[in-house]
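Good morning, everyone. Please have a look at the sequence and the structure on the screen. I will be brief.

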Amino acid sequence: MALAWTLAAALVVLAAVAAAATRVPSLERPVRVAALVAEGVLLGVTLVDLGLVLLADTADRPASMLTHVGYATATVGLLPLLVWRQPPEDPEAVVEPASLWVVAIALLAVAVCVVRLAQTR
Amino acid sequence: MKASTGRQVLVACYAVFAVAAGARSLVQITTRFDEAPLAYTLSLVAAVIYLVATLALRRTSERARRVAIAAVGVEAVGVVVVGTLSLVREEWFPDQTVWSEFGIGYLFIPLVLPFAGLWWLLRHPAPPDPEVR
């Protein structure tokens, strides 16, 4: 649970920095790289969690596996889902990256999912 | 904030709620529908409205804008009606929905979101279709 709260706190801080980066352009690239790193960490932690859950005795498994797997999926999937931009129909058009406000919202939503994932263990 | 940024932020918020309400309602309906059928059905209705609003807000056409206004308008009425009923007729809601007590379980974001969405949609008309000239 401590790991979940630490991860969630880090995600909230990163979300705040992402929001600040809308006013400070020099922060934009570090924030986007940090969000990518965060996604990698979340993927690793979630896979380890699911592995431990599957290896655990039936009595030690979450009360609702469906809910737990749902939060695991949201933890890993929300950030790419929200930040991914649909390619334009015109092949020559440039795809702009998602707004940093969207990155901030996605990080906050994932922080909630991380805590809920730990609570459903 | 640019118009495209406002649209992106709204789409992100609605997508989060579509996922949250959708997952919640599917789990509730498949595992314990008999406990609170009205609440769980309303959760599903909310999820569908959030999904329609998300998809409509992603597009920039006038038709999509009208669909988005309709969906967000229904959502605004829904959150106010369900929020009020959940306070005055508690027995109808043995379990929470996204809109119960005006979205208190989600930091009142479900109450603020439709009005913010309507405000944004009414302030930003769809750009003219280049093919209609």
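For chain B, the mean pLDDT is 88. In that chain, 94% of the residues reach 70 or more. A word of caution: where pLDDT is low, the predicted coordinates should not be read in detail.

Now the contact. Chain A puts 14 residues in contact with 10 residues of chain B. Which elements of chain A give two or more residues to the side that touches chain B? They are helix 3 (65-83) and helix 4 (100-119) of chain A. Helix 3 of chain A gives the most, with seven residues. What is this side of chain A made of? It has 11 nonpolar residues, three polar ones and no charged ones.

Next, turn to helix 4 of chain B, residues 109-123. Let's check its length. It has 15 residues, and at 1.5 Å a residue it should span 21 Å. Its end C-alpha atoms are 21 Å apart, so the two agree.

Which residues of this helix are buried? They are P110(B), L113(B), P114(B), G117(B) and L121(B). Now look down the axis of helix 4 of chain B. The buried residues fall within an arc of 90 degrees, so they line one face of the helix. On the other side, W119(B), L122(B) and R123(B) are exposed.

To recap: helix 4 of chain B has its buried residues along one face, and exposed residues on the other side. Thank you.

Technical notes
Residues are numbered from 1 along each chain as its sequence is written. Chains are lettered from A and ligands numbered from 1 in the order in which they are written. This is a predicted model: local features need pLDDT of at least 70, side-chain atom pairs count only at pLDDT 80 or more; totals for chains, interfaces and linings use all residues. pLDDT is the predictor's confidence in each residue, from 0 to 100. Two residues are in contact if their C-beta atoms, placed from the backbone, lie within 7 Å. Helices (H or I, at least four residues) and strands (E, at least two) are DSSP runs, numbered from the N terminus. Ala, Val, Leu, Ile, Met, Phe, Trp, Tyr, Cys and Pro count as nonpolar, Asp, Glu, Lys and Arg as charged, and the others, Gly among them, as polar. The expected span of a helix is 1.5 Å times one less than its number of residues. A residue is buried if 20 or more other C-beta atoms lie within 10 Å of its own, exposed if 12 or fewer, and partly exposed in between; C-beta atoms are placed from the backbone. The arc is that of the directions from the helix axis to the C-beta atoms.
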